[in-house]
Amino acid sequence: MSFEEEWAGLKTVAAARMRLNGAPTRDPDASPTGADLIVHDDELGKIGHFAYRLHNNLKADGKQAQTTTKAAGTSLTSDGLEMGKALTSASRAWAEQVGTLVDACAHISNHLDYTKASKKKDDEWVGAQVGVSKISGYYDVPDESAKPSVPRPQGPIM
């Protein structure tokens with residue numbers, strides 16, 4: 001099989017699976033077994049908490065041997081050993097990697113905190129919109145021509 005034939009076959013398979021501007025409709029009562037990603041609020045909280053703990057632990061423990069390693073590298077270098085330069089370089093690289101990982105954990109924790117707060121605000125907004133716009137659907141509102149079941153008050157209402 002030539003490359004062109006194999007490539008044409010792969011493009012045909014991909015085109016059959018591709019959907020643009022749409023997604024499959026899902027039954028809201030069905031379990032979401034085919035969903036790509038499902039996250040619940042309590043799971044977000046747990047992941048954010050673990051990221052926060054990892055951030056704090058790495059910040060404290062990740063640099064534990066840095067001072068000693070740097071001192072050893074400097075001492076070995078001053079004694080004329082090439083291994084001292086390598087040890088100092090490894091210490092710098094380790095510190096950079098720990099810093100990157102600490103920053104990533106902080107970013108994850110902060111993003112999940114923001115996501116939870118934002119989702120809560122969105123839910124409250126949607127709840128307010130539905131409550132205001134669909135109020136008549138939730139209550140039995142008589143039409144204009146029906147006789148009111150409660151007598152109207154006379155005079156000003158205070």
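Figure 1. The structure shown is a predicted model.

Figure 2. Is Phe3 buried or exposed? Its relative accessibility is 59%, so Phe3 counts as exposed; the limit for this class is over 50%.

**Figure 3. The aromatic pair of Phe3 and Trp7.** One aromatic pair is found when the whole structure is searched. The ring centres of Phe3 and Trp7 are 6.3 Å apart and the ring planes meet at 15°, so this pair is stacked. The term applies because planes under 30 degrees apart count as stacked. In general, two quantities describe a pair of aromatic rings: the distance of the centres and the angle of the planes.

Figure 4. Which residues make the nonpolar surface patch? Phe3, Trp7 and Leu10 form this patch, with an area of about 370 Å². Two of its members have already been shown as a stacked pair, namely Phe3 and Trp7.

Figure 5. Ser91 is located in helix α4, which comprises residues 82-133. Its relative accessibility is 8%, so Ser91 counts as buried; the limit for this class is under 20%. When residues up to four places away in sequence are not counted, Ser91 touches Gln66, Thr69 and Lys70.

**Figure 6. The chain that surrounds these views.** The chain contains five helices and zero strands, and its pattern along the sequence is α-α-α-α-α. Of the 158 residues in the chain, 11% are buried. The chain exposes about 13800 Å², and carbon and sulfur atoms supply 59% of this area. Among contacts with a separation of 6 or more, 59% join residues 24 or more positions apart.

**Figure 7. Confidence along the chain.** The mean pLDDT of the chain is 76, and 66% of its residues reach 70 or more. Which element has the lowest mean pLDDT, and which the highest? Helix α5 (residues 135-138) has the lowest value among the elements, 59, whereas helix α3 (residues 66-78) has the highest, 89. Where pLDDT is low, predicted coordinates should not be read in detail.

Technical notes. Residues numbered from 1 in each chain as written. Predicted model: local features only at pLDDT ≥ 70, side-chain atom pairs only at ≥ 80, totals over all residues. Heavy atoms only, no water. Patch = residues over 30% accessible without salt bridge, like charges linked within 9 Å, V, L, I, M, F, W, Y side chains within 5 Å. Areas by Shrake-Rupley, 256 points an atom, 1.4 Å probe, with all protein chains shown as cover. Salt bridge = Lys/Arg side-chain N within 4 Å of Asp/Glu carboxyl O. Helix = DSSP H or I, 4+ residues; strand = E, 2+ residues; numbered from the N terminus. Buried < 20%, exposed > 50% of the residue type's maximum accessible area, 1.4 Å probe, protein only. Contact = heavy atoms within 4.5 Å. pLDDT = per-residue confidence, 0-100. Phe/Tyr/Trp six-rings, centres within 6.5 Å; stacked < 30°, edge-to-face > 60°.
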